[in-house]
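Biologist: I would like to go through some of the side-chain contacts and the labels attached to them. Please set each value against its cut-off.

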Amino acid sequence: MARKRPREHLKVLLRKSQIRRKVRHLARQIEHDFHGEPLHLVCILKGACIFLADLLRELELPVSVDFIAVSSYGKGSLPSGEVRITKDLDHSIEGLNVIIVEDILDTGLTLSYLYRVLQQRKPRTLRIAALLDKPERRLKEVKADYIGFEIPNAFVVGYGLDFGEKYRNLKDICVLDSVEP
Ligand code: IMP
């Protein structure tokens, strides 16, 4: 007899109102640090797209955006650390104030790789904004300049984060558990 698939169970971790307040707060921190200078936001696809859209609209600075996509291998229990760019930026970042916008900082493998690659392209400044941080899972040290929330070691979905492309459209951020039927 075919085994039934485990049911997925969602539990709210961060409500949309908390997220909205935090994104506003991060925008004020960034404005304070850049004193009206133009900013270039680099969004890591796809998970950070909603964070980017909200942060962008909060920022009262001249701001431009670009997108980059990466894939990583060996993720799960034994990450290999191998990251590959699958869609590169459309424009040069040389001389720009760049902030990498990421949904979640987990092992740190993606951001440590991207930081190194983008630093070689000679931006004026290069910073990292991550909405969520799971410090317990870190394998590579990454210095994020703007962090929204530190969260426990759990798999989360919503607000752009997915599980097999599902749940990106949730307004809250939820912990996803699999429940045996
Ligand atoms: P890192 O390279 O391990 O830091 O992984 C960062 C990427 O892993 C994020 O951009 C997400 O795409 C994915 N990721 C890590 N943790 C979660 C999670 O809890 N939910 C959804 N995606 C996650």
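Modeller: This is a predicted model.

Biologist: What makes Phe-155 and Phe-163 an aromatic pair, and why is the pair called edge-to-face?

Modeller: Their centres are 5.9 Å apart, and the cut-off for a pair is 6.5 Å. The planes stand at 75°, and over 60 degrees counts as edge-to-face, so the label follows.

Biologist: Why is Phe-155 called partly exposed?

Modeller: Its relative accessible area is 42%. That falls between the limits of 20% and 50%, so Phe-155 is partly exposed. Phe-163, at 36%, is also partly exposed.

Biologist: How do you know that Glu-8 and Lys-166 form a salt bridge?

Modeller: The N to O distance is 3.0 Å, and the limit is 4 Å, so the pair qualifies. Glu-8 is in strand 1 and Lys-166 in the loop between strand 8 and strand 9, 158 residues apart.

Biologist: What makes Glu-37 and Arg-124 a salt bridge, and which parts does the pair tie together?

Modeller: The closest N and O atoms are 2.5 Å apart, within the 4 Å limit. Glu-37 lies in the loop between helix 1 and strand 2, and Arg-124 in the loop between helix 3 and strand 6, so the pair ties together parts that are 87 residues apart in sequence.

Biologist: Why is Arg-124 called exposed?

Modeller: Arg-124 has a relative accessible area of 54%. Exposed means over 50%, so the term applies.

How values were computed. Residues numbered from 1 in each chain as written. Predicted model: local features only at pLDDT ≥ 70, side-chain atom pairs only at ≥ 80, totals over all residues. Heavy atoms only, no water. Phe/Tyr/Trp six-rings, centres within 6.5 Å; stacked < 30°, edge-to-face > 60°. Buried < 20%, exposed > 50% of the residue type's maximum accessible area, 1.4 Å probe, protein only. Salt bridge = Lys/Arg side-chain N within 4 Å of Asp/Glu carboxyl O. Helix = DSSP H or I, 4+ residues; strand = E, 2+ residues; numbered from the N terminus.
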